[in-house]
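Please open the model in a viewer and keep the selection panel at hand.

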Amino acid sequence: MGSPQRRPEVERPTHSLIERPLPAEALAGRATGPAPRLFEERPREILARHDLGAAGVHYTLDPYRGCQLACVYCSARPMHEHLGVGGERWGSGADFATRLIARPEAPQLLDQALQRRRLRGRAVQLSGATDPYQPLEAALGITRACLDVCLRRDAPVGLQTKSALVLRDRDLLLALHRGPGVHVAVSLASLDAARAAALEPGAPPPLARLKIVERLAAAGIPVGISVAPAILGLTDTDIVRMLTAAKDAGASTAFYLRLRLPGLIEPMLVRRVRATLPDRARRVLAGLDGHGTAPAGRRAHAEDPMEQIFCFTAGRLGLAFTRGAPWPSTVAQLEARWAERRAPAAQLPLAAARAPERAAAEQLSLL
Ligand code: SF4
């Protein structure tokens with residue numbers, strides 16, 4: 001998942017969690033390991049506001065916290081360290097995938113938020129720190145209910161997922177595409193099933209994710225491939241084939257995000273790579289140096305051979321591509337499209353006010 005680049009300013013979770021029985025559907029496909037537990041949270045606000053400077057202000061929505069897909073590199077893991085129940089304090093390791101939080105009031109809170117005038121035409125990105133289509137969604141349907149609210153309130157939607165459950169909502173996604181706008185990004189870090197399973201144990205195999213792209217594209221829904229996180233020693237050997245396969249499957253866009261490892265995530269990744277990918281461990285571990293900090297702008301771009309291969313290949317294939325977390329550029333483009341469509345109907349001031357965000361998104365076309 002593309003994590004937020006800065007901490008949200010508006011979201012005010014209560015952190016008062018009530019344990020609920022875990023629905024049987026939420027256990028589908030679960031590997032061995034500790035049994036998940038489900039908690040409900042009732043935050044006062046559901047949209048997290050991100051001020052990204054020149055890239056504008058954007059909003060994300062997390063219907064859940066924690067993620068059953070359990071990617072070892074997930075940058076949302078450290079957020080779980082601020083959670084717990086009773087005297088129990090959770091951690092960013094196994095707890096992230098087994099102490100799951102649902103926000104059942106998310107659709108109602110979203111509906112209230114989208115009635116505010118200042119949010120008219122603003123896009124909602126699902127999600128910032130979880131996969132909105134993790135197995136829990138099959139039982140609870142919070143993501144689907146949020147999409148329905150966006151459709152009714154004329155709000156564009158950006159989605160990022162690794163899960164085939166997104167296909168369940170093709171009806172709503174197509175209606176959103178024909179209305180306010182939608183874009184789905186499917187994430188992929190490797191084409192090798194065993195390597196992907198080692199790092200993303202709860203996610204579908206890479207070929208299944210390409211099938212998601214194919215089925216969404218066949219349904220007429222704008223879809224792209226998110227090469228994220230790009231891991232040196234793992235992604236570089238697959239990147240040309242990944243982009244080619246995505247293009248063949250019907251992707252129109254491509255994103256590139258180099259691996260970054262906040263907090264305690266790097267030691268977790270190191271242990272996992274040593275234990276499960278011995279043939280790749282030396283190269284992957286050598287490529288981890290310095291990934292705890294953001295790359296230094298253009299210099300980092302110029303020095304990243306994987307990124308150069310990505311840009312060259314995506315351009316050659318005719319994919320609209322961008323670098324960095326997919327969602328800020330995606331939602332900016334969706335908002336620009338929304339404003340343009342409504343410009344003749346007295347929306348010109350809104351379109352003009354978004355000029356900086358349009359500039360940030362200009363290298364990516366979702367149209
Ligand atoms: S699917 Fe996304 S949110 Fe879930 S664990 Fe993986 S990277 Fe994190």
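## The whole chain

The protein contains 14 helices and twelve strands; helices (H or I, at least four residues) and strands (E, at least two) are DSSP runs, numbered from the N terminus. The model is predicted: local features need pLDDT of at least 70, side-chain atom pairs count only at pLDDT 80 or more, and totals for chains, interfaces and linings use all residues. Residues are numbered from 1 along each chain as its sequence is written.

Colour the chain by burial. Of the 367 residues in the protein, 50% are buried. A residue counts as buried if 20 or more other C-beta atoms lie within 10 Å of its own, as exposed if 12 or fewer do, and as partly exposed in between, with C-beta atoms placed from the backbone. Among contacts between residues at least 6 apart in sequence, 81% join residues at least 24 apart; two residues are in contact if their C-beta atoms, placed from the backbone, lie within 7 Å.

Strand 3 (residues 47-51) and strand 4 run antiparallel and are joined by five bridges, with D51 opposite V57 in strand 4. Their hairpin has five residues between the strands, and there G53 takes a positive phi near 65°.

Four of its five residues are buried, so strand 4 is largely enclosed by the rest of the structure. Strand 4 runs parallel to strand 7 (residues 124-126), and two bridges join them. Y59 has V124 as its bridge partner in strand 7, while T60 stands opposite Q125.

Strand 5 pairs with strand 6 (residues 99-102) in the antiparallel sense over two bridges, and R65 stands opposite I101 in strand 6.

Next, centre the view on A26, in the loop between strand 1 and strand 2 (37-41). A26 is buried, with 20 other C-beta atoms within 10 Å. Leaving aside neighbours within four places in sequence, A26 is in contact with P36, P135, L136 and A139. A26 and A138 are 112 residues apart in sequence, yet their C-alpha atoms are 6.9 Å apart.

Select helix 7 (residues 206-218). Its buried residues are P206, R209, L210, I212, V213 and L216. Seen down the axis of helix 7, they fall within an arc of 145°, so they line one face of the helix; the arc is that of the directions from the helix axis to the C-beta atoms. The elements covering these residues include strand 9 (182-188), helix 6 (193-199), strand 10 (223-230) and helix 8 (239-249). After helix 7 comes G220, with a positive phi near 85°.

Which residues touch the most other members of the largest nonpolar core? Among its 99 residues, they are V157, V184, V213, I225, V227, A246 and A254. A nonpolar core is a set of buried Ala, Val, Leu, Ile, Met, Phe, Trp, Tyr and Cys residues joined through C-beta atoms within 7 Å. Not counting residues up to four places away in sequence, A246 touches L210, V213, I225, A251 and A254.

## Helix 12

Finally, select helix 12 (residues 305-317). The buried residues of helix 12 are M306, E307, F310, T313 and A314. Viewed down the axis of helix 12, they fall within an arc of 135°, so they line one face. The face turned away from the buried side carries the exposed residues P305, Q308, F312, G315 and R316. G318, whose phi is positive, near 80°, follows helix 12.

Conventions. Pairing = 2+ DSSP bridges.
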